[in-house]
Amino acid sequence: MKKTTIIAGVAVVAATVAAALLWENGDTSSDNVASTDVLTSQPPSASDGGSVARGHYVAVAGDCIACHTAPESKQPFSGGYSISTPFGGIYASNITPDAETGIGKWTERDFYRAVRHGKGKEGENLYPAMPYNAYVKISDKDMHDLWMYMRSVKPVNYKVPETNLSFPYNIRLAMMGWNLLFFKNQGFQIDTAKSQIWNRGAYLVEGLEHCAACHTAKNIIGGDTSDYLQGSNLAEWHAPDITPNTYTGIGRWSQDQIIDYLKLGSNHVAVASGPMAEAVTNSTQHLTDEDLRAIAVYLKAVPASKNKAPAAISISNAQMKMGENVYSANCTACHNSDGKGIPNLAASLAGNSGLMAEDASSIITTILQGGRGAVTVGNPTSGAMPAFDWKLSDEQVAAVATYLRNSWGNAATAVPVEDVTESRKLLKLKPQMAAH
Ligand code: HEC
Ligand code: HEC
Ligand code: HEC
């Protein structure tokens, strides 16, 4: 880890020098393509016709509140939430119109440059933890509405703590190198060969909704790899493959089942938890049915990942046997012996593609700390799962995870015990109890 960090650092510094030579003028503002319907986000009821109401819908679709509000704070957009990266925590800014600590003195142009091009008020580079590489696709119309809405929120006087990353990431100028390598300064391009609904879906997924920020794997310095939407590790969680692959992706889901998941937080098999529960609760459940349909159409059409199912591990395997015992003693009450769970409440473990990724982080995290499904208008109760960290050893957690990944028609790699030990550390849980 140390070594790769240093190499990454050198790469950033080298790229910075190149960037400084090439990129004299930091002003990257550009006009996006001509507005059409695809590029205007209408709220469910635009009856007041106001920019502010439309801008609210844009802010919800962009999920600005998720990062710009600290979990313990009751003040929307006042910042202070720390986004962890391998190089340290990055604090999201106060973006309320407070003149002293927020963006009250900003012009509309300053705001555009920050959101779409990752530049602070003084032209300094923002860290890409702010997903400007996706927001660069937001249309001028949506930007204007968003600006009108952000001007209308309550100003909060709150000074966000200073972000202090380790060298060389503490040098904001180094981000110029990052931008040169990974930032594509191009607005959303309408693909005239595709349908209107596909274009709307692309606009939302690639831009405002920044789905790739979580679902596309990153290289060692945090740039997107070319494995678009094929799944990515988020420390405690794994954001699964959401391409139409029928093994690990959403290939077996109908458009309606995708819509259910994004609107209710659950569908016939899966329940959204962790970071996806937040994305559903704050953002996707509030999208119009047309916009959800557009997302489903688009997801069904992205190139599928190449993941292929291995042969399932045999039940005669020792880890599988241990897993079966743990499962029947602790899990059947909610997930049933056939693994099918309780629809829209306790996730089905059978035929649940998200559970078959190589990376089992979400499964381990859920077993260790329990969880709660997304709370939505359509499914206000949601289900809860108890924690098992106090009850099961690392070996038992690995065994039951391996078992559920290889039963009822599922097939996936075995989960190593070390991965559970690592997750316990990451989740700051007590080490396993002595075997008994
Ligand atoms: C995934 C997390 C995340 C999301 C979502 C997000 N931001 Fe940010 N934003 C950040 C972080 C982190 C920073 C601070 C970056 C830095 O310090 O370099 C930031 C900085 C900013 C800034 C610059 C503020 C300043 O004082 O320099 C503005 C403006 C901003 N965000 C607006 C928005 C808007 C509007 C949205 C929704 C469309 C949004 N952000 C969504 C994480 C996020
Ligand atoms: C903040 C990170 C984050 C963002 C942003 C995000 N996701 Fe997710 N997503 C996740 C995680 C983590 C999971 C796994 C949840 C679980 O295990 O319950 C997930 C699960 C899913 C699933 C279920 C897949 C399965 O097989 O169970 C779908 C579908 C999905 N996301 C679609 C989207 C779409 C579409 C967007 C953009 C509108 C999006 N996500 C944005 C993190 C994110
Ligand atoms: C009291 C009911 C209950 C019990 C007992 C229970 N679960 Fe769950 N489980 C749930 C609910 C509800 C969810 C959906 C919410 C969530 O993902 O946190 C869930 C989700 C899961 C998921 C995540 C599925 C996904 O799509 O991300 C896994 C894996 C899981 N359970 C495994 C287990 C295992 C293994 C056991 C036994 C050691 C167990 N559960 C016991 C209720 C339960």
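**Figure 1. The surroundings of ligand 3 in a predicted model**. Let us start with the neighbours: ligand 3 is surrounded by 25 residues, and the closest are Cys-331, Cys-334, His-335, Gly-371 and Met-385. By class, this shell is made up of 16 nonpolar, eight polar and one charged residues. His-335 places a polar side-chain atom 2.8 Å from a nitrogen atom of ligand 3. An N or O atom in the side chain of Asn-352 is 3.4 Å from an oxygen atom of the ligand. Arg-372 takes part through its backbone, where an N or O atom lies 3.3 Å from an oxygen atom of ligand 3. Two or more residues of the shell come from each of helix H14 (332–335), helix H15 (361–369), strand S5 (371–372), strand S6 (384–385) and helix H16 (394–405). Of these elements, H15 gives the most, with three residues.

**Figure 2. The iron site of ligand 3**. Here we zoom in on the metal. His-335, through NE2, and Met-385, through SD, coordinate the iron atom of ligand 3 at 2.0 to 2.1 Å. The site is octahedral, with angles of 88 to 180 degrees among the six donor atoms. For six octahedral donors, the ideal angles are 90 or 180 degrees. Because His-335 belongs to helix H14 and Met-385 to strand S6, the pair ties together parts that are 50 residues apart in sequence. Are these two residues buried or exposed? His-335 is buried, with a relative accessible area of 11%, while Met-385 is partly exposed at 25%.

**Figure 3. The iron site of ligand 1**. Which residues coordinate the iron atom of ligand 1? They are His-68 (NE2) and Met-130 (SD), at 2.0 to 2.2 Å. This site is octahedral, and the angles among its six donor atoms run from 88 to 179 degrees. His-68 sits in helix H3 (residues 64–68) and Met-130 in the loop between helix H4 (108–117) and helix H5 (132–135), so the pair ties together parts that are 62 residues apart in sequence. His-68 counts as buried, at 10% relative accessibility.

**Figure 4. The shell around ligand 2**. Around ligand 2 there are 23 residues, and Cys-211, Cys-214, His-215, Ser-273 and Met-276 are the closest. Look for His-215, which has a polar side-chain atom 2.8 Å from a nitrogen atom of ligand 2. Ser-273 also uses its side chain, with an N or O atom 2.8 Å from an oxygen atom of the ligand. In Gly-354, a polar backbone atom is 3.3 Å from an oxygen atom of ligand 2. Helix H9 (212–215), strand S4 (237–239), helix H11 (274–282) and helix H12 (289–301) are the elements that give two or more residues to this shell. The most come from S4, with three residues.

**Figure 5. The two faces of helix H17**. Within H17 (residues 417–426), the residues Val-420, Ser-423 and Arg-424 are buried. They lie on the same side of H17, because they cover an arc of only 105 degrees around the axis. Which exposed residues does the face turned away from the buried side of H17 carry? Glu-418 and Lys-425 are found there.

Definitions and conventions: Residues are numbered from 1 along each chain as its sequence is written. Chains are lettered from A and ligands numbered from 1 in the order in which they are written. This is a predicted model: local features need pLDDT of at least 70, side-chain atom pairs count only at pLDDT 80 or more; totals for chains, interfaces and linings use all residues. Side-chain values use heavy atoms; hydrogens and water are left out. A residue is near a molecule or strand if one of its heavy atoms lies within 4 Å of it. A polar contact is a pair of N or O atoms within 3.5 Å; within protein, one must be able to donate a hydrogen and the other to accept it, and residues adjacent in sequence count only if both atoms are side-chain atoms. Helices (H or I, at least four residues) and strands (E, at least two) are DSSP runs, numbered from the N terminus. Ala, Val, Leu, Ile, Met, Phe, Trp, Tyr, Cys and Pro count as nonpolar, Asp, Glu, Lys and Arg as charged, and the others, Gly among them, as polar. Donors are N, O and S atoms within 2.8 Å of the metal (3.2 Å for Na, K and Ca); water is not among the atoms, so sites may look incomplete. Four donors count as tetrahedral if all angles lie between 85 and 135 degrees; four count as square planar and six as octahedral if opposite donors are over 155 degrees apart and all others between 65 and 115; anything else is irregular. Buried means under 20% relative accessible area, exposed over 50%, partly exposed in between (1.4 Å probe, protein chains only). The arc is that of the directions from the helix axis to the C-beta atoms.
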